[in-house]
Amino acid sequence: MVADAKDPNLSELDLTHVPGGPETFELAAKFCYGMNFEITTTNVARLHCVAKYLEMTEDYREENLIARTETFLVEVVSPSLEKSVEVLSSCEALLPTAEEVGITARCIDAIARNACQEQLVSGLFRLDCDSGSLELKDSCLEWWVEDLSVLSIDFYRRVIMTMVHVGVRIDSIIASLMHYAQVSLKGIGKPQIWNPARAYPCKGEKGQKTIVETLVSLLPQEKSSSVPLNFLFGMLRIAITLDAALACKLEIEMRIAFRLEMVLLDDLLIPSVQTGDSLFDVDTVKRILIHFLQRIDQEENEDCGYESEGIDSPSHGALLKVGRLIDTYLAEIAPDPYLSLDKFTAMISVLPDYARVIDDGLYRAIDIYLKAHPMLSEHECKKLCKFIDCQKLSQEACNHAAQNDRLPVQMTVRVLYFEQLRLKNALSGSCGDTFVSRKISSGLTSAAMSPRDTYASLRRENRELKLEISRMRVRLSDLEKEHVFMKQGMMDKTGQGKTFLTSLSRGIGRFGIFGGPSGGKYHKSGRKSRTSEGKTGRSRRYSVS
C-alpha cells in the first residue's frame with residue numbers, strides 16, 4: 001500500500017477504501033504479528049474480505065488469514081442457519097466486496113439448505129402438532145421465520161427465492177413473509193390514512209414501498225394458496241398509502257378476487273387517501289369485483305359439461321355470496337356524503353342481474369343513499385332507482401317501498417303494479433307458467449344457432465331458470481310466513497270457534513234422522529240455527545280475506 005502511494009514523505013495511510021475500514025485492517029495487522037484475537041460471526045465476513053483484499057494467501061504463510069476464515073465459514077457458519085443469517089446480515093456493509101468474494105452466495109445457500117433440513121427433521125413433530133392443541137400448533141412454526149427479519153430486503157428476497165428452489169414448504173414461506181412485513185412495515189400509514197391532504201408518501205417511506213413491492217412479488221404463484229385474506233388486505237392498504245406500483249396493487253387485487261366469496265365486509269372498507277374523494281376507496285373494490293367476475297366467466301367457459309351449472313354449483317354459489325356481500329357494502333358506504341352518484345351507480349352496475357336472487361339488499365342500499373343525499377334531483381333519483389327490479393323484491397320490501405316517500409312516483413307505481421300481478425298469479429296458481437313457456441319458446445329458436453351460440457344461450461337460460469327457482473323459494477317462504485300469521489289469528493279467536501262448533505253440533509243433533517223436534521221447539525231451534533249460520537258466514541268471510 002505504501003509502494004502504491006509513491007510518496008517518499010508519506011506518514012499516514014487512508015484506510016477508508018479497505019473492506020471493513022480501519023478496525024478490520026487493525027485485526028489483520030494483529031494476525032500478521034501473531035497477536036491473538038477471536039474470529040466470530042460478527043467479524044468473519046470482514047476478515048475474509050480484507051484478507052482477500054490484502055492477498056493473505058498460503059503463498060506467504062501456512063494457515064494464513066484467508067485459510068483461517070475459510071475454515072471458520074465451512075465448519076462453524078455453514079452448518080448453522082442462525083449463524084449464516086448473522087454473517088449474511090453483516091455483509092450489508094461490505095458490498096460489493098462480499099459479493100465478489102462469494103460470501104453472500106454461500107450464506108444464502110446455507111440458509112436455504114438448513115431450512116430444508118430443518119423441515120425434514122421437524123416433519124414428525126408437525127404431524128403431532130396437527131392433532132394437538134392450538135398452542136402446540138403455534139409452537140410448530142419454524143424458528144427461523146423470526147431470524148430472517150433482520151436481513152435487508154434484497155438479501156431477504158434472494159433467500160426466499162432460494163428456499164422456493166430447494167423445496168421449502170409454501171406455508172413456511174408465507175409465515176416468513178407475513179412476519180417480515182409485520183416487522184418492517186409496522187405502523188405504516190396508520191396516523192395519516194384518514195388525512196386526505198396527504199397525497200404522496202414521505203421520504204422515509206420510499207424504502208418501505210420497495211419492501212411492499214418485493215414482498216408481493218415473493219408471494220406463491222398459486223392464487224388459491226393459503227395466504228390469509230387479512231394479510232392481503234393489509235398489504236393492499238399499505239400499497240395504496242405508499243403509492244406502490246400499479247402492478248403490485250393489481251397483483252394483490254387479483255389474489256383477493258380469486259377468493260372474494262370468503263371476504264368479510266370490514267375487509268372491503270378500505271379508506272381512501274385521495275384528496276376530495278369519498279371516505280372509502282370504491283374504485284379498488286370495483287376492480288376487485290371485476291376481476292372476480294372475469295374469473296367466474298373464465299371458469300364457465302372452460303367447463304364443457306353441464307354438471308357445474310346446477311343450483312348448488314360452486315361458481316353459482318360463490319356468485320350469490322358475492323352479490324350479498326356487495327349489496328351489504330353498498331349499504332355501508334351509502335351514507336357517505338362525499339360519495340358521488342356516478343361512482344355509486346357504477347359500483348351497482350358492475351354486478352350482473354343474475355348475481356342477485358332478490359333485490360332487497362340493493363333496495364336497502366339505494367334507500368340509504370337517497371336518505372343521505374336529499375339534494376338529488378328527480379332525474380337522478382330515477383336514474384338510481386332503475387337498477388331495482390320490482391319483481392325481485394320480497395313482500396316486506398314491497399310493503400316498505402309502497403310507503404317510501406323518497407322513491408320516485410314511477411317506482412312506487414311499478415311496485416304496486418307488480419304486487420297486484422303477483423297476488424293475481426298466486427290466486428290463479430299460474431306463478432311461473434309464463435316464464436317457463438317463454439324459456440321453452442326461446443329454446444326452440446336457439447336450435448337454429450351455431451353450437452357455440454347455442455351453448456351460450458342455453459347457459460344463460462339455465463342461469464335464469466336457477467334464479468327463478470330461487471325466487472320461487474323466496475315467494476314460498478313469504479307465503480308460509482303469511483300462513484303462520486293467519487293461523488295465529490285464527491288461534492286468537494278460539495273462543496268464537498268453540499261457540500260455532502257447539503252450535504253447529506246442536507243443530508245437527510236436532511235435525512238428526514232418529515227423531516224430530518216439536519213445533520215450538522222447532523221455531524226456537526230455527527232461530528239458533530240462523531244464529532249459528534250467521535256466525536258461520538262471518539267466520540268464512542274472515543278466513544277468505
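Analyst: Start with a term. A salt bridge is a side-chain nitrogen of Lys or Arg within 4 Å of a carboxyl oxygen of Asp or Glu. This model is predicted. Here is a case: Arg 157 forms a salt bridge with Asp 154, and their closest N and O atoms are 3.0 Å apart.

User: How many residues apart are Arg 157 and Asp 154 in helix H11?

Analyst: They are three residues apart, and therefore separated by about one helical turn. The general idea is this. An α-helix has 3.6 residues a turn, so residues three or four places apart point the same way.

User: Are Arg 157 and Asp 154 buried or partly exposed?

Analyst: Arg 157 has a relative accessibility of 28% and counts as partly exposed. Asp 154 is partly exposed too, with a relative accessible area of 35%.

User: How many salt bridges does the structure hold?

Analyst: It holds 14. Another one joins the side chains of Glu 26 and Lys 30, at 4.0 Å from N to O. Both residues lie in helix H2, which covers residues 21-32. They are four residues apart, or about one turn of that helix.

User: Which parts does the pair of Arg 158 and Glu 99 tie together?

Analyst: First the contact. Arg 158 forms a salt bridge with Glu 99, with the closest N and O atoms 2.5 Å apart. Arg 158 lies in helix H11 (residues 153-166) and Glu 99 lies in helix H6, so the pair ties together parts that are 59 residues apart in sequence. Arg 158 is partly exposed at a relative accessible area of 22%. Glu 99 counts as partly exposed at 33% relative accessibility.

User: Which residues form a negative surface patch?

Analyst: Here, Glu 58, Asp 59, Glu 62 and Glu 63 form one. Take Glu 58 as an example. Glu 58 sits in the loop between helix H3 (44-53) and helix H4 (65-77). Its relative accessible area is 42%, so it is partly exposed. Glu 63 lies in the loop between H3 and H4. Glu 63 is exposed, with a relative accessible area of 53%.

User: What is the phi of Glu 63, and of Glu 55?

Analyst: Glu 63 has a positive phi of about 50 degrees, although it is not a glycine. Glu 55 is not a glycine either, and its phi is positive at about 55 degrees. Glu 55 has its place in the loop between H3 and H4.

User: Which residues does a cis peptide bond join?

Analyst: Leu 95 and Pro 96 are joined by one, with omega at about 5 degrees. Find Pro 96 in the loop between helix H5 (81-90) and helix H6 (97-101).

User: How do I read a helix? What does helix H7 reach from its first C-alpha to its last?

Analyst: Check the residue count against the span. Helix H7 covers residues 103-121 and has 19 residues. It reaches 27 Å, close to the 27 Å expected at 1.5 Å a residue. Next, look for buried residues. Buried means under 20% relative accessible area. The buried residues of H7 include Ile 103, Cys 107, Ile 111, Asn 114 and Gln 119.

User: How many of the residues of helix H19 are buried?

Analyst: Eight of its 10 residues are buried, so helix H19 (residues 341-350) is mostly covered. Among them are Leu 341, Lys 343, Phe 344 and Ile 348.

User: How far apart are Leu 362 and Ile 348, in sequence and in space?

Analyst: Compare the two distances. They are 14 residues apart in sequence, and their C-alpha atoms are 8.3 Å apart in space. Leu 362 has its place in helix H20, residues 360-372. Leu 362 has 0% relative accessibility and therefore counts as buried.

User: How far apart are Ala 181 and Gln 208?

Analyst: They are 27 residues apart in sequence and 9.7 Å apart in space, C-alpha to C-alpha. Ala 181 belongs to helix H12, residues 170-184. With a relative accessible area of 7%, Ala 181 is buried.

Terms used: Residues numbered from 1 in each chain as written. Predicted model: local features only at pLDDT ≥ 70, side-chain atom pairs only at ≥ 80, totals over all residues. Heavy atoms only, no water. Patch = residues over 30% accessible without salt bridge, like charges linked within 9 Å, V, L, I, M, F, W, Y side chains within 5 Å. Areas by Shrake-Rupley, 256 points an atom, 1.4 Å probe, with all protein chains shown as cover. Lys, Arg positive; Asp, Glu negative; His and termini not counted. Charge placed at Lys NZ, Arg CZ, Asp CG, Glu CD. Helix = DSSP H or I, 4+ residues; strand = E, 2+ residues; numbered from the N terminus. Buried < 20%, exposed > 50% of the residue type's maximum accessible area, 1.4 Å probe, protein only. Expected span 1.5 Å × (residues − 1).
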